[in-house]
Structures are given as C-alpha cells and as structure tokens.
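Subject: Structure handover

Hello,

Here is the structure you were going to look at. My notes on what was found in it follow below.

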Amino acid sequence: MVALYVTSSPGAVGKTTICAGLGKHLLNDVKKVGYFKPITHDEGIDSDATFMKHILRLEEPIESICPLISDQGNLANSVKEAYAKVSPGKEVVIIEGIPVEASYEIIEALDARVIIVEGY
C-alpha cells in the first residue's frame, strides 16, 4: 500500500483538485483508493473531505477521513492511529496535508511519498 502525501507551501493552491484528479485516475485504473485529511483548519465538517468522500465513493465515515486530532504534542502517533482506520484494503491512500514545512513528522510516520503543489 502506498501513502501519497499532497502538500504545498502556501494554502489555497489546488491540493484538493490534485487529490481529486489523482484519485479519479487511480479509480479508473481499478485501484482501491482512500483519502485522508488529518489536519483541518475548519471547525465542524471539512468541505474538502466531504467532496473527496463523494467523488471517490468512500465508505468510511467523514469523522475517520478527516478526524479531529487534538494531541499536538504527539502528532505523528495520533495521525498514524487515525490513518490506520482508513487505510485497510486500500492500494493507495491520498493524504491531503498541511504546509510542507510542518509535514516532515507526519510524512516520516506514514512512510509517505510526497507531491508538493505550488501556485504560479
């Protein structure tokens, strides 16, 4: 199983769009695809996670796809535990991440491959 971490330096540069395109492409190649957004800035239900759940036809509850992780002191372990709930049975899990500068701990914990999205 491959963990694919999609990140950027600034926000709002198209990470969700890249995740959606990759996910749909992989689904068309008959891959079992998951999506995970461990960190969100929104209170309540995250609209990106809801969108991805719909277009990838994911069965996991939105609370598992985009969990509220409050233990910032042990971030890597908390993310790894939450990731374990959405990754079983998947060939690829697309992870929509936080800015690259703050991502290293999560990337290492999940042994993820990285795509960095930049605005232009």
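Please keep in mind that this is a predicted model. I start with the charged pairs. The side chains of D48 and K37 form a salt bridge, with 3.0 Å from N to O. The two residues come from distant parts of the chain: D48 sits in helix α2, whereas K37 is in the loop between β2 and α2, 11 residues apart.

Is K37 buried or exposed? K37 has a relative accessible area of 9%, and because the cut-off for buried is under 20%, K37 counts as buried. D48, with a relative accessible area of 24%, is partly exposed.

K37 has another partner: its side chain also meets that of D46 in a salt bridge, at 3.2 Å from N to O. D46 is buried, as is K37. Together, K37, D46 and D48 make up a network of salt bridges.

The count of salt bridges comes to three. One of them joins E60 and K90, whose closest N and O atoms are 2.6 Å apart. E60 lies in the loop between α2 and α3, and K90 lies in the loop between α4 (75–86) and β3, so this pair ties together parts that are 30 residues apart in sequence. Both E60 and K90 are buried.

L4 stands opposite I94 of β3.

On to the nonpolar residues. In soluble globular proteins, nonpolar side chains tend to be buried together. In this model the largest nonpolar core has 18 residues, and those with the most contacts inside it are C19, V33, Y35, A49, M52, L56 and I94. At least two residues of this core come from each of α1 (15–28), β2 (33–36), α2 (47–55), α3 (62–65) and β3 (92–96). Helix α1 gives the most, with four residues.

What is Y35 in contact with, leaving aside its neighbours within four places in sequence? The list is C19, D48, A49, M52, L56, L58, I65, V86, V93, I94 and E96. D48 on that list is the residue that forms a salt bridge with K37, and I94 is the one that stands opposite L4.

There is also a second, separate core of 17 residues, which includes I69, A82, I98 and L110.

Last, a serine. S64 lies in helix α3. Its relative accessible area is 17%, so S64 is buried. Leaving aside neighbours within four places in sequence, S64 is in contact with F36 and V86. V86 is also among the contacts of Y35.

Regards

Methods. Residues numbered from 1 in each chain as written. Predicted model: local features only at pLDDT ≥ 70, side-chain atom pairs only at ≥ 80, totals over all residues. Heavy atoms only, no water. Core = buried A, V, L, I, M, F, W, Y, C linked by side-chain atoms within 4.5 Å. Buried < 20%, exposed > 50% of the residue type's maximum accessible area, 1.4 Å probe, protein only. Contact = heavy atoms within 4.5 Å. Pairing = 2+ DSSP bridges. Salt bridge = Lys/Arg side-chain N within 4 Å of Asp/Glu carboxyl O.
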